[in-house]
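Subject: Handing over the structure

Dear colleague,

I am passing the structure below on to you, and my notes on what was found in it follow directly after it. Please read the two side by side.

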Amino acid sequence: MPSDEERGAAPAREAKTPPQNEASTREGNTAMEQSRELTPPPLPPRPLHNLMNDPSASPASLRLSTRSSRPRLLSQATTALSLADAHPPSRSESIGASDTPSSRPVSRKQSPSRTVGSNDPGDQDDSASLKSYAPTRDPRFDGESIIGDISKYVPSPAWKALSSQVERDDPLEQLDPKTDYYSLQIEHEFDEIPPIDADGSNEEALLELWKTKLKHFFILSASGKPIYSRHGDDQLISNYIGIAQTLISFYQGAGDQLKGFTAGDTRFVMLSKGPLNLVAVSRLGESDVQLRTQLESLYMQILSTLTLPSMEKMFSNRPSTDLRRPLAGTDVLLDGLADGFTRGSPSTLLSALECLRLRKTHRQAINDTLLKVRLPGLLYGLIVAAGRLVSVVRPKKHSLHPGDLHLIFNMLFEAGSVKAGGGENWIPLCLPGFNNTGYLYMYVSFFSTLENSVPGSERPSSSGKDDELAIVLISANREGFFELQKMRNDLVAQLEKNGSMAVIKAAIRKGHASCSDIVPNTALRHFLYKSRGNVQFTMPSFEPYYHGLVARRRLMTLYATLHDSIHSRTAHLKVQHCVAHDAVALAWETPLFELYCVAGPQASREALTEGANRVVRWIRREEERVFIIGGAVF
Amino acid sequence: MAARMQQGSRPGGARFAQFKLVLLGESAVGKSSLVLRFVKDQFDDYRESTIGAAFLTQTIALDDQTTVKFEIWDTAGQERYKSLAPMYYRNANCAVVVYDITQAASLDKAKAWVKELQRQANENIIIALAGNKADLVAEQPDKRAVTTADAEAYAREANLLFFETSAKTAENVKELFTAMAKKLPIEQASQRGMRSAAGRPGGVDLGLRQEPGQQTSGPGGCQC
Ligand SMILES: Nc1nc2c(ncn2[C@@H]2O[C@H](COP(=O)(O)OP(=O)(O)OP(=O)(O)O)[C@@H](O)[C@H]2O)c(=O)[nH]1
Ligand SMILES: [Mg+2]
């Protein structure tokens, strides 16, 4: 399978990253390490200035930022909610016609497209165009060599015309003929497949049902034992697991590794992690990188239950170990993650967290309260409102890994058992990003924000997700429950007293601002803005344009495509336009942020660009409200 | 604190005592459901398995003079949490060991818990055996896998309180906890509480003390 070899070669290529890049990655990490101690200074004013003319923004550093922003839940160094960006601040904080004339001597001023990769600014638009349609995983287009070629390339007028066409080309369009099918199908995606009858008479029908699912996840042991499947029970899927196992071991036997393959409209991606093989099967048009990130996250969930050493011990003691037993009851957690990926989760796509928007002084008051009531046994403390972070308290030397937080949020807000319990919880868990060898202990208490909850009162188990406030306190001491319970009681009492609780509840009730509240009279319907330094993102409400599962999934598919186009290995573009039947969209990347904007199909490029610029200006004003910068550090 | 007088909260000869209670038993027998019925008078047909342990409280009046507050640890029945159990039962005043009357193996598991409690827990611990999901056999008698007589005989022999319960219909749930409260040494507990409100006369004590020889595998072991 030649196309598989090509995927198979990917990690090798990753390993071949130029040394200078690796060095700067390490440097970056050290810089992060140090910057944890500091509250990042307020952002400097950013003159309109072309990135390419900024000597600090050398292609190398920009490539680095592209790489490091690739979602890697597992492998990335612990990132903090307080990290200052390791990269030089971008000077290119505005796009559109206004900033081009002085800095870009050549080519289409109406095009905000821009790329890096050429040292000659004169060539940038053409290389951008080329890259924007180059098959992104084609090894021939990989790495630096192509850049050399491009810079020698003298663009002809015809080429320019063609490339401006191509640039508007929408990768999503390939999906469009099937969109209706997907739309219908996704409504039933999460319906459970009933068990096989005793006489096996319904097996055929169930398999058909199983095959209609748009997305599957499987986890199996190296010896081929099924550990997890999102849909269908063991009996139903045993043949398929067998095939997957045969394929994987065939390649492993050949000293190669099967990374992925395509069959029809379905993409299969494999991830091998020690004694486990994880498989994602998707018809939703996600990229390999995105699917692999999802598999990494499932793997982290398994480590979170077992820890790495104990899982390895089980397999080294008995290679045929059935991991279902030690993992019993955690299916709901894996399902929660899997379904989040299928629905499309901005948080996973961006590998970032969302915060509750609060005034700076209010957030400061909450942070101060956290520090005041902190007890010595505390490692991390979080206040989480409806899946969004309100505040964090943490030791100076430890930051929180977004992948770990994602697991915690999934446990609290997707899986029902913790919040349905109606009490306080004491949960041993491993946070693999923090330390994959040992357990921490997590105290969780939920409250409803709907009624006036008295400190200590318990929330009704039936209340919905959006009104939930959780206090999460994490300790390394497994006997720390009562200490953390006391801290929680003190915290709630203080927050009630100083008015912060009312502020938090009001902010939760208010929900997300709509896009038109944020940037009035805009063509934009939705956007995602990720602050790379803070590892956080912000977005407006999905309403009114993206109501319901289907609309939301389509929006997320669009975002995923944009995300992939600016993150794929060979695409060094910094701005990407995309025109679909039902939307026009834009992705814009700088060392400081990633911005993805979507407008209605009628919107002009100019309107889209103007909207994007206004979002960036809004963020600049609101930065300390929409992001937690620093948090409470002790 | 396992038990204490709530000073001044009740006039005259009123008594108030507080006890630590732990629920043990195989996964899916209905421990969380029993607690939720007792504490909130609710029931979910579909409940997810408990992760870790949940802590809840409930106060009941035994008569107009006597109030008992339970501090309840609802533990997770999954195997991997087994090594954490001693932390919850170590100083418990009472325990409810639950099995599912439609699953014979769950009674074996319950017996193992009783044995462990009698060996390792507080020597005065009061243990109740609860055969849960009685509603299922009320509908379909052939679903029953453990006869009342067998379970009763075992309970008598092992000196346990015994009830067949249903978290779904609430049958015998309140009765179970009330019977437990009545067997607890309320008088003693109150007096002890009066003598030394600051004392720590037993009760699940998750603080400080680390028992020797605790396992370090499973979630119980902190290796960080
Ligand atoms: N019909 C019936 N179902 C019950 C009863 N009690 C619990 N269940 C159901 O049995 C399942 C398991 O109940 P849980 O309360 O979660 O069991 P558990 O003992 O807490 O299980 P773990 O938390 O895994 O240890 C749930 O689906 C309940 O709805 C009962 O009295 N009657
Ligand atoms: Mg339970």
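An oxygen atom of ligand 1 is 2.6 Å from an N or O atom in the side chain of Ser33(B), a pair that falls under the definition of a polar contact (N or O atoms within 3.5 Å; within protein, one must be able to donate a hydrogen and the other to accept it, and residues adjacent in sequence count only if both atoms are side-chain atoms). Backbone atoms take part as well: a polar backbone atom of Gly30(B) is 3.0 Å from an oxygen atom of ligand 1, and a backbone N or O atom of Lys168(B) lies 3.3 Å from an oxygen atom of the ligand. Taken alone, ligand 1 exposes 650 Å², and the protein buries 92% of that (areas by the Shrake-Rupley method with a 1.4 Å probe; for residues, only the protein chains shown count as cover).

Please keep in mind that this is a predicted model, in which local features need pLDDT of at least 70 and side-chain atom pairs count only at pLDDT 80 or more, whereas totals for chains, interfaces and linings use all residues. Residues are numbered from 1 along each chain as its sequence is written, chains are lettered from A and ligands numbered from 1 in the order in which they are written, and side-chain values use heavy atoms, with hydrogens and water left out.

Around ligand 1 there are 23 residues, of which Ser27(B), Ser33(B), Ser49(B), Gly77(B) and Asp135(B) come nearest (a residue counts if one of its heavy atoms lies within 4 Å). Helix 1 (31-40) and helix 4 (134-139) of chain B each supply at least two residues of this shell, and the largest share, three residues, comes from helix 1 of chain B.

Chain B has seven helices and six strands (DSSP runs, H or I of at least four residues for helices and E of at least two for strands, numbered from the N terminus). Buried residues make up 55% of its 224 residues, where buried means under 20% relative accessible area (1.4 Å probe, protein chains only).

Within chain B, five bridges join strand 1 (residues 15-25) to strand 4 (residues 94-100), which run parallel, and Leu23(B) has Val96(B) in strand 4 as its bridge partner.

Best wishes

Key
Buried means under 20% relative accessible area, exposed over 50%, partly exposed in between (1.4 Å probe, protein chains only). Two strands pair if DSSP finds at least two bridges between them.
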